[in-house]
Amino acid sequence: MPAPALKEQIARTDNTFERAAGAWVGKCLICNGRLSFDARTGFGANVEHIMPRAEGGGNDLLNLGLTHPHCNGEKGRNWDNRKKRSDAARYAALVQGFLDRRKARWRDAPITWRI
Ligand SMILES: [Zn+2]
C-alpha cells in the first residue's frame with residue numbers, strides 16, 4: 001500500500017483527525033501536538049509502529065499511529081533501540097500507553113469526507 005493511502009487510513013480511524021483543504025489535521029500520537037499532513041502526498045507525518053516490527057508489532061491499524069517526523073525519530077532512536085533501552089518495564093509501559101491512546105482515539109472507518 002502506498003504511504004499516503006496508509007496515512008489516510010490511519011487518519012480516518014483516528015478521531016482527532018479531520019480533512020481540511022488538502023490536508024489532514026489532527027494530533028500526533030506521541031506528543032499530542034497539532035499535526036497536519038498533505039492528503040495527497042502524505043508529507044508532514046510519519047507512520048509510527050507503536051509496537052515496533054522488531055518486537056513483533058504488525059501493520060494492524062491499531063498498531064499504527066501518525067506522528068511528527070521528529071517524534072517518530074526520537075522514539076525510534078531512544079526507545080525502540082534495544083541497545084539504549086535500560087529499563088524494560090518502563091519501555092513496555094510507554095508502548096502500552098501509546099497503544100491505549102490509539103485505541104481511545106479509534107473511530108470506525110470508512111468515513112465519507114467531503115473533499
Ligand atoms: Zn509529536
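Does N32 count as buried or exposed, and how many C-beta neighbours does N32 have inside 10 Å? Select N32: with 11 C-beta neighbours inside 10 Å, N32 counts as exposed. The scale is as follows: a residue is buried if 20 or more other C-beta atoms lie within 10 Å of its own, exposed if 12 or fewer, and partly exposed in between, with C-beta atoms placed from the backbone.

Two conventions apply throughout. Residues are numbered from 1 along each chain as its sequence is written. The model is predicted, and local features need pLDDT of at least 70, side-chain atom pairs count only at pLDDT 80 or more, and totals for chains, interfaces and linings use all residues.

**The whole chain**

Display the C-alpha trace, which spans about 45 × 25 × 25 Å along its principal axes. The chain has 3 helices and 5 strands, in the sequence pattern α-β-β-β-β-β-α-α. Helices (H or I, at least four residues) and strands (E, at least two) are DSSP runs, numbered from the N terminus. Of the 115 residues, 25% count as buried. Residues 24 or more positions apart account for 53% of the contacts with a separation of 6 or more, a contact being two C-beta atoms, placed from the backbone, within 7 Å.

Next, select β1 (18-20), β2 (residues 23-27) and β3 (34-38). These 3 strands form an open sheet in the order β1-β2-β3, with antiparallel pairing; two strands pair if DSSP finds at least two bridges between them. β1 and β3 stand at the edges with a single partner strand each, so one side of each is left without a neighbour in the sheet. The twist averages 30° from one strand to the next, where axes are lines fitted to C-alpha atoms, for helices over the stretch in contact, and angles run from 0 to 180 degrees between N-to-C directions.

Between β1 and β2 there are 3 bridges; E18 stands opposite V25, and A20 stands opposite A23. These strands form a hairpin with 2 residues between them. Select A21 in the loop between β1 and β2: its phi is positive, about 45°, although A21 is not a glycine. A21 has 8 C-beta neighbours inside 10 Å and therefore counts as exposed.

Between β2 and β3 there are 5 bridges, and K27 stands opposite R34. The hairpin of β2 and β3 has 6 residues between the strands, and N32 takes a positive phi near 70° there. Most residues other than glycine have a negative phi.

**The core**

Select A11, W24, C28, L35 and L66, the residues with the most contacts inside the largest nonpolar core, which has 14 residues. α1 (3-12), β3 and β5 each supply at least two residues of this core. Such a core is a set of buried Ala, Val, Leu, Ile, Met, Phe, Trp, Tyr and Cys residues joined through C-beta atoms within 7 Å.

Centre on A11, which touches F17, W24, G26 and L66, not counting residues up to four places away in sequence. Then move to F37 in strand β3, which counts as buried with 23 C-beta neighbours inside 10 Å. F37 and A11 are 26 residues apart in sequence and 9.9 Å apart in space, C-alpha to C-alpha. With the exclusion of residues up to four places away in sequence, F37 touches K7, A23, W24, G42, F43, G44 and A45.

Select β4 (residues 46-49) and β5, which run antiparallel and are joined by 4 bridges; N46 stands opposite T67. In β5 (residues 64-67), L64 and L66 point one way and G65 and T67 the other way, and all are buried.

Finally, select helix α2 (residues 69-78), whose buried residues are C71, N72 and K75. Seen down the axis of α2, these fall within an arc of 100°, so they line one face of the helix; the arc is that of the directions from the helix axis to the C-beta atoms. The buried residues of α2 pack against β4 and β5. On the other side of α2, H70, G73, R77 and N78 are exposed.
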